[in-house]
Amino acid sequence: MSIKSFSRARAIHVMLVYTGGCNGCDIEIVNSILSPRFDAEQYKVFLTWNPREADVLVVTGPVTHLNRKPLEAIYEAIPDPKLVVAAGSCALMGGVYKNIHGDIPSEEIEGPVENIIPVAAKVPGCAVRPQDVLAGVVSLLPTLLDAD
Amino acid sequence: MEEKVPRSNIIETEIPMGTVHPAALEPYRVRLFVEDEIVQEAEITIGVNHRGIERIMEGLPVEKANSLTEKICGICSNSHIWNSCRTAEIGLDIEIPERATYIRVIMGELERLHSHFLYLAHGCETVAHETFSMRVFYLREIVMELLAMIGGNRVQYGCSVLGGVRPRCDLDEAKLQRLKEDMDKIEEGLTGFAERFLADSILISRITGVGVLPAKQAIKLAVTGPSLRATGVARDLRTNMFEYDDFDFNIVTQPDGDVKSNLLMRALESFESIKIIRQAIANIPEGKVINRDWEMFDTDIIESYIEVPRGTLYHSYALESGRVRHCIIRTPSMANIGAMQYACIGDHITDAQLSIVQCDPCFTCTDRAIEIIRR
Amino acid sequence: MFENTAIISILALIITVVVCFILSTLLPGIERKYVHARIQQRIGPPVTSPGIMAPIKFLFKENIEPSSPVPGLYKALPIICFLVVLCMLIALTPYAFAIPALSSLVAIVGLLKVEEICYVLMGSLSKSIMSVRMPFPDRVKGAAHLNTTRSFIEDISAKRSLRMITYGSFPLYLALFAPVTAAKSIFLQDIVAYQQANGPFLFTVAGGIAAIVFFIGYMIVLNEYPFSIIKAKCDVIEGPYMEYASKYRSVVFITRGFLMFTLGVLFSVLFIGVPATLFSPTIILNIVVVLVFVLMMGIFSAFTPVFTNRQLLPSILGATLLGILAIVLGLL
């Protein structure tokens, strides 16, 4: 194992971007990292709010119209290698909001997240469970370690 | 203190924050207009997470629409589904079994506990007191597990259905026993936290007098819920709700309307919630949990108000051949936005986010197109 | 003969600095895992993660161009900070006592000032995505105050660091000059010699008071929690460091641990009279002092919220008065 992958495996910085979900996923994710019960830091996962520091971007919510550009801008600001975790059913496929206008293309919901930025891991659930989020972030490790 | 006036009208610069910001748990944009780091004016822009739930609800069968209201908010999901069911039950004259009412009250109070704990944790996090925030999150985890035990999911439990509660949410002896034991645990933990919180003179001096919202101004801005009670106005809709007739509880108020009053008020109100849950466990009647014996008919517009953890929630719709028509939902944060903008004035920028957090924002609830024009 | 001793001193200096540097990378992890996490009743990250592995990881990230009006200067600033701390540590070793210009308190104060000015420059040069540049329709019909100037959150941070230069660092400087009153010299060599003759300055009344002031100043210089207004998470997120990525961020991370170590050594030189050298058992004492400072800071920061100007002014004023008291007592 090279020193690069060794160090990457021991410090993963996660940034959370909420794009208009119902708050349930956001709080479960923040909870999973802040609460001493789950304590993501023991798995070497750190929460950050600075895109320049992040390795993994966790996105929740169906990406509403006003959130599209901020999401893209934040994604651009993260230095490579970067990976995106889409958490929650809204982020995966738009959730209950996807078909808001039936067959007419919706102007409000731009999501799912895949339409906007490449997604590396998908964590299902409405709302996601903290354990699943941790598992999702950790499941990205092989990809993250092998990236240049 | 009657009314706050900005120190001067000079606006030196504008600092926008958001839509993604560590102090905010949800996307919104706030523009702070400051002079020498003192906020003179604040403008909160919502609508960032407008998804248009009413648009989806329109024309859906009422049962489906009810379960959809849960997706409005991940914090007070139970309140939305409760009030939505309640709206239809009022319109259709459905009699709810007593046991179901009790279970709904238990769920409502558990949700109040988890919402208030989240508020306390988030408030402590915003003043950068990580240790207290983590301690509250630890307590909150007990409530979350109880909610998961009753409803089957940690966030959206889908407890209420038309005519009562889902049979899965019925409470048997073992569940009641666990509920009872955990209430003791929560009370013990919360007492310890409240004592430590009050004994921490650094923290108390840090949050006293920050984000003041005078009572007069609060009434003028039509603030609801705990944010109003923290200014000293004893107004709680639970006293008018028939569900709470059997329960004995106090309305907690705090005098000052600053961050300290708000945080303390939530902590003290949590004790009242524990009290209500204990009464409910002791007196829960036997019987069915759901009444399926009702008929659908067309109704006029039905309205229902309930007290949810963050204030007064309003649901209204009409029923037409079993489908929802003309749906309007008004959430507490809608009224509290004015309070948030007002509370920031005159505080340091570091306190501005705290003053916004102080009013318990839930913009995911609030983001919907509503325009009520009274003529 | 003279050349030989010079070469040996330089070698000893290099070895000391390298060992100190390696030890210093452990400090953020010790603070995070053994103090914060223990107080917060959780397991916490591995000791090596925040201080060693995170900087190494950042080395291998894409070197993204920071969004800044002067990217070159902005990127140079953390390296300047690092060199400043390095110079400070060199000045505190006995090998540097031969160079009076470096091993005097004036030089140390000057170096600390450079560090503080770097924060101001970093803050004013960083233009991160998180505030004004966020693509959001702010200035639209109906919005308030369409014609105001707009500031980035880092601009507030720069303004705050400027304010901290004017009054925030007084306590530390006063505490630094308290031993001078006893030793009657600003050269570290004389201060050390005085204490080796007369016992540590720490155990006098003036020294005890000055040590408390030094600790407060230490936390202010390190921007740790109660005094972390220039990088308060609840408004300016990370303040001056917002735009650093890859190598530069790893330098920022390393500098923090290194500064913790150097300030601890500074205390042991000025108040106990033990300069840092690896070739004497007293290095243990240096390391113990450093650890005690880190543990005390961790405990203090875990139980305090971030201070705003309203609390900062009185607390810094109080510390300054204490510092003046220590100096007056020392003079008497």
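**Burial in chain A.** I started with how much of chain A is buried: 60% of its 148 residues. A residue counts as buried if 20 or more other C-beta atoms, placed from the backbone, lie within 10 Å of its own; 12 or fewer makes it exposed, and in between is partly exposed.

**Ground rules.** I'm looking at a predicted model, where local features need pLDDT of at least 70, side-chain atom pairs count only at pLDDT 80 or more, and totals for chains, interfaces and linings use all residues. Residues are numbered from 1 along each chain as its sequence is written, while chains are lettered from A and ligands numbered from 1 in the order in which they are written.

**Layout of chain A.** I found 6 helices and 5 strands in chain A. These are DSSP runs numbered from the N terminus: helices are H or I with at least four residues, strands are E with at least two. From the N terminus, the order in chain A reads α-β-α-β-β-α-β-α-β-α-α. The radius of gyration of chain A is 15 Å, close to the 15 Å of the globule rule for 148 residues, so chain A is as compact as a globular protein of that length. That radius is taken over C-alpha atoms, and the rule is 2.2 Å times the number of residues to the power 0.38.

**Where B touches A.** I looked up the contacts next: 32 residues of chain B are in contact with 33 residues of chain A. Contact means that the C-beta atoms, placed from the backbone, lie within 7 Å. On the chain B side, α5(B) gives the largest share, 5 residues.

**Two helices in chain C.** I checked α5 (residues 105–125) and α7 (residues 170–183) of chain C, whose axes come within 11 Å and cross at roughly 175°. Axes are lines fitted to C-alpha atoms, for helices over the stretch in contact, and angles run from 0 to 180 degrees between N-to-C directions. Leu105(C), Ile108(C) and Val109(C) of α5(C) meet Tyr173(C), Leu176(C), Phe177(C) and Val180(C) of α7(C).

**A sheet in chain B.** I noted an open sheet of 3 strands, β1-β2-β3 of chain B, with antiparallel pairing. Strands pair if DSSP finds at least two bridges between them. β1 (13–17) and β3 (38–45) of chain B are at the edges with a single partner strand each, so one side of each has no neighbour in the sheet. Between β2(B) and β3(B) I read 7 bridges; Arg29(B) has Thr45(B) as its bridge partner.

Terms used
Contact = placed C-beta atoms within 7 Å.
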